[in-house]
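The sequence and structure come before the details.

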Amino acid sequence: MDNSGLGAKLFQACNYTFLGLITLLTLFPFWDSLIVSITPISESMQSSVHLFPKTVTFEAYEYIVGMKQLWSSYGVSIFVTVAGTILSMIVTTLAAYVLSKSYLPGGRAIMFLIVFTMMFSGGIIPTYLVVKQLGMMNTVWALIMPLMVQTYNLIIMRSFMASVPESLEEAARIDGCGDFRILVRVVLPLSLPAIATVSLFYAVAKWNEFFTAVMYITDKDVWPLQLFMRAMLIDNEAVYQSGGDSPFLLGQSIKMASIMVSTIPVMLIYPFFQRYFVQGATLGAVKE
Amino acid sequence: MEAPTSRISAQVKSSRMEGIRRVLRYRNLYLMLLPAIAYYIIFHYYPMYGATIAFKQFSIIKGINGSPWVGLKHFETLLQLDKFWEVFWNTIVISLYRLLFGFPLPLIVALLLNEVRKMAFKRTVQTIIYLPHFISWVIMGGLLINLLSTDSGIVNQVIRSLGGSSIGFLSDESYFRSTLVGSMIWKEFGWNTIIYMAALAGVNPSLYEAAWMDGANRMQRIWHVTLPSIRTTIIILLILRIGGLMEAGFEQIFVLYHSGVYRVADIIDTYVYRTGLADGKFSLAAALGLFKSIINFVLLIIANQLARMKGDQGIF
Amino acid sequence: MKKNNKNRFVSILCLILIVAMIVGCSNNSGGKSPQSSSGTDGEGGKPVKIVYLTPGDSAAKPIQPDDRIIAEINKRLGIELEIKFVPEGGFEKVNVAMATGDFPDLVTAQYPSSSLSQWMEEGLLVPLNDYLPQMPTVKEKLEGQFSWTAVDGNYYGYPFIEEKSNVSMTYRADWLKTLNIAPPTTLDEFYEALKAITNGDPDQNGQKDTYGLTGTKENGFNTSFNFVFYAYGLPYGDWILDNDGKVAPVFEHPAFKSGVEYIQKLWKEKLIDPEFLLNDTQQREQKFFQSKAGFMVANLFRHVNRLEKSLKELTPAGELGFINPPAGPEGKHGMVGKPKGGLFTAITTKAKDPEKAAQFLEFMLSPEGRELLELGIEGVHYTKDGDKVNYNEEERAKDNFASNGWSHPLAWGNVVWPLTRNYLPNTEAQADRAKESVEIATSNLVPNLVNVTTPEEIEMGGVFGKGILSELANQYYFDMISGKVDIDKGLAELSKKWREQGGDKVLAAVNAAYEAQQK
């Protein structure tokens, strides 16, 4: 490739510098929170920017980890994320594949009706009744089923699958493959980046879901992590005014430690999914 | 007289038969669609009757279906609010800024990342830029205040040491929207890059090879190979973004704004929430939701049709 | 093998969904109306099930199925209690549950609120009147200070409205000593003190980096500096009477104008933190700890110890002081208006046994109930050594009591706060000062002209507080103190606009309520 010319070198130099800079810039919020979470409050409060701690303490983490609720909430959130993502992916992938067929009679109408639900809904009351009638109140299913398909993700998936060349499918069809087999054998392997992306979107959304939990879960044993963490995060006026029992002495470091405890697990899944975006590009690089 | 009619009906019948045959031919495909359709029926279309409460006076005893109709009363309540058009306008302006400045950056970063050949660097950058997505606005708000405050904020310290005077990024009406949009981009651009990265991963490498053989330079390659390959993704994201114009970022604004900047920062959602107008009033809340949805939907359809006219597939 | 499983899974999934769809659709009834059917259980030996939906104390731990306190309540009252917690402030969930007919037996809601009014109007709540003879603690409060909460003679529930206050004028005592000034008692002295703090470098770091006073952002009218209005003699926390004896908005009182002038002076001379509007409670406190502000209006009580400890972490010589807010020309002073709202716990018409539900409500407030919820079971969770209580933290932890002698998850946040009872476990540091702060703060509560909050106010707001009218007043207030709008002109415009935008309707309603109250 044209990586020998001076212009190309200059471009690469600028590119690396620019990307490096924005990386540092975006690392800052996370880094700052991490540092505050492990710094004694007397130190972290003295400056507005926290780059390196002088003293390190895990007091805030000890406090949070010592809460029984954390562990049951972890369990709930992990189950909801894993089971929910698998279920969502199956249903979304099937639908996206079918709807990516422009020749399917009624396909466009169905797509229209699906997109319609992105904008219009019956509101919370009838949805609540459905969840109640299905007997899902206070169960993990209330956190999984109502959000099973997210139209945004369906649209993304569909558009990726539409780009799989029809000729490959035709070839498989001539070999006697049925639709389902074509999906599994031909389309899915070619859609790995899309599957990785949409799975990631689902997983993160499920991990962060808050409103559904407020609505359908009143048993603290089924509280997902977000509900529990929100209680630690919110600057709660009522608690302040009335002197409720809260661990505010650790204050800011507890807040930040909660952030870490609640987000690090979901962040860790990223590299796993990332393989699939980078892989495609690697193939390209090899061919170069 | 009889003959033509029966011929027509025969035609209708045969085309109906043809339709049924076509449907039968794709029965496996429809079967695969079934779980999703079931989901949409159960959790979206079956509850859809609830939208009628926007035109009713909701009574708990009578239920949604039994509540009396009140016509457009709730819409009138909303539209007659003295502040409504001010906050409506703010919603659109802030949303447009977000679209204008927030939409291109993830694409640009993805294209630049695509040019990076050092895998380790690429991976590191990708992993890090998506981190702020996970820091909630409540926390980002505190952070921004620390960074941007006029007396002790580091940004203003730098500005002062360069000989400038402090800027009230968060307290001055003329800077507030820029701060909003800037911080939104800061937090979300990395996350929004993911989808383009996935699209770029699917670009056929042989296309690059061909371009290279043709002696295309980098810009030409990006312009003639990369961009057209991910055009569909870009268009679809753009259509979806346009269809979300009435959502200007409630959580972010709610954390960052204050009465000193309401005039430029108050959007419909924050105003209604803050004043408690719709607290426990399901009908009014539904009317507000419907009002926003209709605007969003019209915009979405327009954007979709424009895309189709330009030869793209669009969403539907 | 793998693929087979996948196939099977998909077909099972389809099946489940289809079944679910049929079940879901056949139940086509929309918002079901509540039925006040009395279950068969409860009559014989089997205890009545009582479901209580409440936003509890956010920091409270979950209640385990084998909780001994709940078991003890069940035993004493002959009930089977199920507590459903929504997150603190999660009234949306409570509203939706009620709106869908998914009634608990007992529910805690926001008071006043349009949802609560709707429940009363639609007859979803059981009046407590018939059960009052069995509810001595509740009866005493309802027929005493809360008699005005009755609607047409019916008490639809127990209002939890804070009667005490912990809002105090808090300051850096060490700074005033350094600057050699006495704690200010009048607005003039207060002004001088702020000036000295702003310009006199009280933290002696050689920089002009301190502000006299800071505040907090707020939804609705910003009450951070309301003490100035009360100092100038604003007589009530909600409404005033005009010369004709009619109810009028507080900004038409001369004290309001004098107050705005005073605050404007502080603002112009940069004695107030220019970015106080960015602060939430925590950031405001942080500025105090970081030696950026000398005075703040803060919530004390239990926080006395926390605030001082945090301050000392950063500045070992730091000292926290609290005083009466400064007095005006006529010696008057006040801090905040007396609360007119809070929470409301009511029995729904779906309660299987309203009498038992009433007994449970009474129990939570009764001395016997308080002892159980705050201390636990004697001999198990604590022992008494004369007056001194010894907490058995190990046993208490098993039933999810909070640490350091604090209480059971059910103790706070629904019908009472520690503040209401002036309750502190004897493990608490600086308990005496904490109680003293409540005494001072409570003596600075400003009475209200009208007890009730009218439906019109719930919808549109008044002046201080939340709602579209309060927003309007707040906007003018800030434009006037920051000098954007001339005070006389601003007040005249505000009066006009406020009335036009719904204030007239509100005033009519409040006047009617006031007249009814005078009878």
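The sections below describe a predicted model, beginning with a contact between two chains.

## Contact between chains A and B

The contact draws on 77 residues of chain A and 78 residues of chain B. On the chain A side, several helices each contribute at least two residues, including α1 (6-37), α4 (68-99), α11 (192-208) and α15 (251-287). Of these, α15(A) gives the most, with 18 residues.

Sorted by class, the side of chain A that touches chain B holds 50 nonpolar, 20 polar and seven charged residues.

## A cis peptide bond in chain C

Most residues other than glycine have a negative phi, and most peptide bonds are trans. The bond from Y111(C) to P112(C) is cis, and its omega is near -10°. P112(C) sits in the loop between β3 (106-111) and α4 (114-121) of chain C.

## Positive phi in chain C

Q204(C) is not a glycine, yet its phi is positive, at about 50°. This residue belongs to the loop between α7 (187-199) and β7 (211-214) of chain C. Q204(C) counts as exposed because it has 10 C-beta neighbours inside 10 Å, and the cut-off for exposed is 12 or fewer.

N400(C), also a residue other than glycine, has a positive phi near 65°. Its place is in the loop between α14 (393-398) and α15 (418-421) of chain C. Is N400(C) exposed or partly exposed? With 19 C-beta neighbours inside 10 Å, N400(C) counts as partly exposed, since buried requires 20 or more.

Terms used
Residues numbered from 1 in each chain as written. Chains lettered and ligands numbered in written order. Predicted model: local features only at pLDDT ≥ 70, side-chain atom pairs only at ≥ 80, totals over all residues. Contact = placed C-beta atoms within 7 Å. Helix = DSSP H or I, 4+ residues; strand = E, 2+ residues; numbered from the N terminus. Nonpolar A, V, L, I, M, F, W, Y, C, P; charged D, E, K, R; others polar.
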